[in-house]
Amino acid sequence: LTSGSAINIASSSAAQTGALQTITLSGSNAANTGSLLSLQNTGTANASTTLLIQHNATGTNNLAFRINDVASDTTPFVVDGAGNVGIGDVSPDGMLDVDLTSTSTTAADEYGSNFSINDTGVVTTGTDQTTGSYIGLTRSGATGGTVNTFGQDISVTGAFASGTGTI
């Protein structure tokens, strides 16, 4: 195949409500260990894109990509039409929006984000720098008024039944 598509599924419907293609594995069996879809670009000299999602819709609630990890998922991983990524949020408010809502009634560690870095390199010359989290911020073009620029803005609210809270 040198041009075109090997398989093309298309619809020009003005009111499509279902999926054009569905691949379902409905059996609930531990022996089901394969992948439903495997995309493999194995040519080492290839300069192609393995998965391209073209999303031109601009209407409200249009998601270019969504992953539900449980049935009726209310906290999916999404990419919206503007390219904003939401983790636990179907309507991301920024380029990366991570939301965690916990209703745990037992002792647990809960993280909105967790970075674990293990640097075991032996530095024999030069300078080595290991950074757990880095935020670079440049603000320019302010011409008047009040300008607030934050590299990181942390707001913590809540009540501690006992013990202490720290930031």
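Mentor: Take Asn84, which sits in the loop between β2 and β3 (85-87). Strands here are DSSP runs of E, at least two residues long, and helices are runs of H or I of at least four, numbered from the N terminus. The model is predicted, so local features need pLDDT of at least 70 and side-chain atom pairs pLDDT 80 or more, while totals for chains, interfaces and linings use all residues. Residues are numbered from 1 along each chain as its sequence is written, and side-chain values use heavy atoms, without hydrogens and water.

Asn84 counts as buried because its relative accessible area is 17%; buried means under 20%, exposed over 50%, and partly exposed in between, with a 1.4 Å probe and protein chains only. Beyond its neighbours within four places in sequence, Asn84 is in contact (heavy atoms within 4.5 Å) with Val78, Val79, Pro92, Gly94 and Met95.

The ring centres of Phe65 and Phe77 lie 6.3 Å apart with planes at 85°, so the pair is edge-to-face; rings of Phe, Tyr and Trp (its six-membered ring) pair with centres within 6.5 Å, and planes under 30 degrees apart are stacked, over 60 edge-to-face, the rest tilted. Phe65 is partly exposed at 30% relative accessibility, and Phe77 is partly exposed at 31%.
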